[in-house]
Amino acid sequence: MNTKYLDVLAQKYDCEEKVVTEIINLEAILNLPKGTEHFVSDLHGEYQAFQHVLRNGSGRVKEKIRDIFNGVIYEQEINELATLVYYPEEKLPLIKNNFDNEQELNHWYKLTIERMIKLISYASSKYTRSKLRKALPDQFDYIIEELLYKTEESANKEQYYTKIVQQIISLGQADKLITGLAYSTQRLVVDHLHVVGDIYDRGPEPDKIMEALIHYHSVDIQWGNHDALWIGAFAGSKVCLANIIRICARYDNLDIIEDVYGINLRPLLNLAEKYYEDNPAFRPKIHSDKHTTDHEKLQITKIHQAISMIQFKLESPIIKRRPNFNMSERLLLEKVDYDKNEITIHGNTYPLENTCFATVNPEQPDQLLEEEKQVIDKLLFSIQHSEKLARHMKFLMKKGSLYLKYNGNLLIHGCIPLDENENMEKMEIEGKNYGGRDLLDIFEHYLRHAFAHPEETDDLATDMVWYLWTGEYSSLFGKRAMTTFERYFIEDKETHREKKNPYYYLRENEETCRKILKEFDLNPDQGHIINGHTPVKEIEGENPIKANGKMIVIDGGFSKAYQSKTGIAGYTLLYNSYGMQLVAHKHFNSREEVLSNGTDVLSVKRLVDKELERKKVRETNVGEELLQELSILNSLKEYRYMK
């Protein structure tokens, strides 16, 4: 151990008693049960459904209420208490309206505070007092701690505890206390949150999800392909920027770009109005709960065409300067016969429909008009100078990674590229071949470099972020080619098909999953791969738990765009000291429905894995860090105080 480091540490622990106390504390923490991990994936901007799952802990809140009060209070009271914990500010006025006089209301306050104190006590039973204190509302932490540690033998202090509650009510602080207790309960039922990719695109409120995550007490993120696209746009990739605007136009979410992040779309609209007309292939997918006028739909349709053509043009130079991307087949603008209005791909010729080639020069189809250059340059300047977007992207980088090894499990949004023989596919990058974990590490290296150097817009790192969105060996994409062009312009649906990487059928095999876990230095007997990205079609009988429990796919359709295919509205995963449970969610209608009916939009919980012995902190990532601290403290003790 470095003696200089120990000398610095000794300034904090300046006597033997302090060192010994901390050693005792850490040893005790190591023997507590591990906290509950909560896994979510593919949120796609669906903030309302996500925040409800976050508030109810995928059913953990009501589960704990039942543990305490089942058979003691009525089912209606259980539902009311649970809803109060989820939405205290909204539920309190509704409850208070039911009381005719102050005496009845005060009795309800007293009863509810007592119940919520019991709930807090139960929810915090595997935490230290120090950790509990951090979860309590600052203005009431002393009062709550007094009430929490009330015992049956405290008859001498009974009037003391009664007076505390009476004073809270008489001083008009009951609503604030109940609200604080509700949010503390939400925090205590889940120790750590994992977001396994795709916060952005399709849904209308990814920014609100980002704000919720920024203020969440403990979270990590595994980037999805859509998240990488937004990171790439902020990092200077014009083609990534064109993609995010195109997708927002497609799903009628341009207000995310313009209103939320303050990006001026007027130059793009002016270009679109000049060159494009109505086009059925580019009309936006309208939200059922959003009113969009015919004039607005037409404007979006024109913008959709304008940015799509800019995107297709911007792809070509990257494909040409990066032959190792192996994407020459995607130079589709060069494969068009503009006189006959048809295209030849993979040896077959297809007629084109709904075309919008007004800005294309057939002699040099990837050439941007001067107007298009100015538009994309202005958009890039705006997006890189959006303070709100900068804050969100920096948080994504700080908390994010392409994969995560956590408590013996591998968390990854997309795939580990494999060939048909279960071998790790390799990609040549700057003269060296990478596959498996090494490939993901080099991808992340380039993504972080691109983000750190946004002024470099045509370098390999920036191009590589776009490759993560669409390349055949990308761990985030997981398909051989992205057929965006074909879906717009070719009627034959066979050309729309995107062939998946063999990983997506090989992951059904236990041995494949065990091989991948070994690749990441994880124990294949105990570990799991937790995946998002591909919606599980439960409506067709697909099982999200694969490979004898080694593979768990938790994309069940948070995004409304996928729910008709999945038959549900998302999966979440819970992993506590007893084992893993997968939770399927029904469609979330509205917060108002929850407030009125107390519904939790949960369906069946499925046991994934049961621990033979209750898992302790010692066996977790946090435990590894604490053991390192213990080793250092023991070294300090021997170095300074055992001489």
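Predicted model: local features only at pLDDT ≥ 70, side-chain atom pairs only at ≥ 80, totals over all residues.
Over the ring of which residue does the charged end of Lys 500 sit? The ring is that of Tyr 504, and the charged end of Lys 500 is 5.8 Å from its centre.

## Charges over rings

Besides the placing of Lys 500 over Tyr 504, a lysine is found over the face of Tyr 575. That residue is Lys 34, which lies at 4.1 Å from the ring centre of Tyr 575.

## Aromatic pairs

The number of aromatic pairs in the structure is 19. Tyr 86 and Tyr 87 make an edge-to-face pair, because their planes stand at 85 degrees, with the ring centres 6.4 Å apart; planes over 60 degrees apart count as edge-to-face. Tyr 86 and Tyr 87 are both buried.

Ring pairs also build a cluster. Its members are Phe 282, Phe 312, Tyr 338, Phe 357, Phe 485, Tyr 488 and Phe 489. Phe 312 comes up again below, among the residues that line the largest cavity.

Strands of a sheet pair through backbone hydrogen bonds, and the pairing may be parallel or antiparallel. Here an open sheet is formed by 3 strands in the order 4-5-6, with antiparallel pairing. Strand 4 (336–337) and strand 6 (348–351) are the edge strands, each pairing on one side only.

Strand 4 and strand 5 (residues 342–345) are joined by 2 bridges and run antiparallel. Across this pairing, Asp 337 stands opposite Glu 342 of strand 5. The two strands form a hairpin with 4 residues between them, and in the turn Asn 341 has a positive phi of about 60 degrees. The hairpin of strand 5 and strand 6 has 2 residues between the strands, and His 346 takes a positive phi near 50 degrees.

In a regular strand, side chains alternate between the two faces of the sheet. Strand 5 has Ile 343 and Ile 345 on a covered face, while Glu 342 and Thr 344 are on an uncovered one.

## Helix 12 and what covers it

Helix 12 spans residues 206–214, and its buried residues are Pro 206, Asp 207, Ile 209, Met 210, Glu 211 and Leu 213. The cover over these buried residues includes both helices and strands. The helices named are helix 3 (47–56), helix 15 (254–260) and helix 19 (387–399). The strands named are strand 2 (192–195) and strand 3 (219–222).

## Two buried residues

Where is Arg 115 found? Arg 115 is part of helix 7 (residues 102–123). This arginine counts as buried because its relative accessibility is 17%, and the limit for buried is under 20%. Apart from neighbours within four places in sequence, Arg 115 is in contact with Phe 69, Ile 73, Glu 77 and Leu 81.

Ser 401 belongs to strand 7 (residues 400–401). With a relative accessible area of 11%, Ser 401 is buried too. Setting aside neighbours within four places in sequence, its contacts are Ile 221, Gln 222, Trp 223, Glu 444 and Arg 448.

## Cavities

How many cavities of 30 Å³ or more does the structure hold? There are 2 of them. The largest cavity holds about 180 Å³ of space and has a lining of 16 residues. Nearest its centre lie Gln 311, Phe 312, Glu 315, Arg 330 and Met 482.

Helix 17 (294–321), helix 21 (460–470) and helix 22 (484–489) are the elements that give two or more residues to the lining of the largest cavity. Of these, helix 17 gives the most, with 5 residues.

## The second largest pocket

The second largest pocket contains about 720 Å³ of space. Its lining is made up of 28 residues, and those that lie nearest the centre are Ile 29, Tyr 127, Lys 131, Asp 191 and Val 622. At least two residues of this lining come from each of helix 8 (129–135), helix 11 (174–189) and helix 27 (621–641).

Technical notes: Residues numbered from 1 in each chain as written. Heavy atoms only, no water. Phe/Tyr/Trp six-rings, centres within 6.5 Å; stacked < 30°, edge-to-face > 60°. Buried < 20%, exposed > 50% of the residue type's maximum accessible area, 1.4 Å probe, protein only. Lys NZ or Arg CZ within 6 Å of the ring centre and 35° of its normal. Contact = heavy atoms within 4.5 Å. Pairing = 2+ DSSP bridges. 1 Å grid on protein atoms, 1.4 Å probe; cavity = no way out; pocket = protein on both sides within 12 Å on 5 of 7 lines; lining within 4 Å. Points joined across faces, edges and corners; volume = space filled by probe spheres on them.
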